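Here is a short note to read beside the structure. Please keep the model in view while going through the points.

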Amino acid sequence: MLRKALLTDIMALKAVRSSVVENTLNDVSKVTDADYEWYVTNPGVALWEENDTVVGFSAADPRDGNVWALFVAPGFEGRGIGSVLLGEACACLKEAGLGRAWLTTDPDTRAERFYRAAGWEHIGENDNELLFERSL
């Protein structure tokens, strides 16, 4: 079930993010509780729940068009959850009046293949990550 995250969901969001094997944070201090709080209370974080358990989420930044997060817990991939969550992130950016979205991901990952298959354009690299962009 798709719904907007609440502040009380932050621990579950962090658990999903840390459960993903690919595209892990090398420096966990780069994503703080304050970051999660901002995304939950400002544009909103879309999350996917199954049996009262958060199994995925997405967040986008309407200030610059960045898809800040898209994570689906292991065992729940390949079921369309990521596509729904990515659509929610893009809708957030479009509602903010933006015409383009961008994101980064690690090379040679399922995430890279997912974004390419979804029509995102590889436009360069940034700090050893691939930079993708698409029109909204």
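Is the crossing of H1 and H2 left-handed or right-handed?

1. The crossing of H1 and H2 is right-handed; the term applies if the near helix is turned clockwise from the far one by less than a right angle, and left-handed if anticlockwise. Contact here means heavy atoms within 4.5 Å. Ile10, Leu13, Lys14 and Arg17 of H1 meet Asp33, Tyr36, Glu37 and Val40 of H2. These residues divide into four nonpolar, no polar and four charged.

2. This is a predicted model: local features need pLDDT of at least 70, side-chain atom pairs count only at pLDDT 80 or more, and totals for chains, interfaces and linings use all residues. Residues are numbered from 1 along each chain as its sequence is written, and side-chain values use heavy atoms, with hydrogens and water left out.

3. The axes (lines fitted to C-alpha atoms over the stretch in contact, with angles from 0 to 180 degrees between N-to-C directions) of H1 (residues 10–19) and H2 (residues 33–41) come within 10 Å and cross at roughly 115°. H1 is therefore roughly perpendicular to H2, a label for angles of 65 to 115 degrees.

4. Glu112 belongs to helix H4, residues 110–117; a helix is a DSSP run (H or I) of at least four residues. Glu112 counts as buried because its relative accessibility is 11%, and buried means under 20% relative accessible area with a 1.4 Å probe, protein chains only.

5. A polar atom of the Glu112 side chain lies 2.6 Å from the backbone nitrogen of Asp108. Beyond its neighbours within four places in sequence, Glu112 is in contact with Thr105, Asp106, Pro107, Leu130 and Phe132.

Note on methods. Helix = DSSP H or I, 4+ residues; strand = E, 2+ residues; numbered from the N terminus. Buried < 20%, exposed > 50% of the residue type's maximum accessible area, 1.4 Å probe, protein only. Polar contact = N/O pair within 3.5 Å; in protein donor to acceptor, adjacent residues only side chain to side chain. Parallel < 35°, antiparallel > 145°, perpendicular 65-115°, else oblique. Nonpolar A, V, L, I, M, F, W, Y, C, P; charged D, E, K, R; others polar.
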